[in-house]
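Dear colleague,

I am handing over the structure below, followed by notes on what was found in it.

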Amino acid sequence: ERGSMGVLVELGGADPSDARAPEVAHDVALHIASAAPQYVNRDDVPADVVERERAVFEELTRNEGKPEQAIPKIVEGRLNGFYKENVLVEQGFVKEPKQTVAEVLAGLGPDAAVRRFVRVKIGE
């Protein structure tokens, strides 16, 4: 039996009369189903999660024998990678990976944003 996936997206700051808005919202919902982001933007990532990731990356980098003075920059780079993987607006858009989801939203205007989303998976 196949599982089912449901995604709800709340889009804000876009002109509701813009014919592209429902299309972009639909594309973003498909992206969320596929890419499984955990957060809308960096500000949504809890501080304890960021600190835990930072500690893991620091230990990993130290264990690789990197020079001490290079560690903070390497850790920041790895943390940016974590954001690109887990934060919706920083992910490469599934239909056009060279574009971020934020860039796709910007096509609807400077205030267009995903306010929140929910992704529900039932069964496998």
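Arginine 54 forms a salt bridge (a side-chain nitrogen of Lys or Arg within 4 Å of a carboxyl oxygen of Asp or Glu) with glutamate 51, and the closest N and O atoms of the two are 3.7 Å apart. Because they are three residues apart in helix α2, arginine 54 and glutamate 51 are separated by about one helical turn; helices here are DSSP runs of H or I with at least four residues, strands are runs of E with at least two, and both are numbered from the N terminus. Arginine 54 has a relative accessibility of 23% and so counts as partly exposed, where buried means under 20% relative accessible area, exposed means over 50%, and partly exposed lies in between (1.4 Å probe, protein chains only). Glutamate 51 is partly exposed as well, at 47%.

Before going further, please note that this is a predicted model, in which local features need pLDDT of at least 70 and side-chain atom pairs count only at pLDDT 80 or more, whereas totals for chains, interfaces and linings use all residues. Residues are numbered from 1 along each chain as its sequence is written, and side-chain values use heavy atoms, with hydrogens and water left out.

Arginine 54 also meets glutamate 76 in a salt bridge, at 2.3 Å from N to O. This pair links distant parts of the chain, since arginine 54 lies in helix α2 and glutamate 76 in helix α3 (residues 71–86), 22 residues apart. Glutamate 76 is partly exposed, with 36% relative accessibility. Elsewhere in α2, glutamate 58 and arginine 62 form a salt bridge with closest N and O atoms 3.2 Å apart, and, being four residues apart in that helix, they are separated by about one helical turn. The structure holds 10 salt bridges, and Glu10, Arg115 and Arg116 are linked in a network of them.

In the loop between α1 (20–35) and α2 lies alanine 36, whose phi is near 50 degrees, a positive value in a residue other than glycine. Most residues other than glycine have a negative phi.

Turning to the strands, β2 (residues 92–93) and β3 (residues 96–100) pair in the antiparallel sense over two bridges, pairing being assigned if DSSP finds at least two bridges between two strands. A hairpin joins β2 to β3 through two residues, and the bridge partner of glycine 92 in β3 is threonine 100.

Serine 4 is found in strand β1 (residues 4–12), while isoleucine 122 lies in strand β4. Although these two residues are 118 residues apart along the chain, their C-alpha atoms are separated by 5.1 Å. Isoleucine 122 counts as exposed, at 57% relative accessibility.

Best regards
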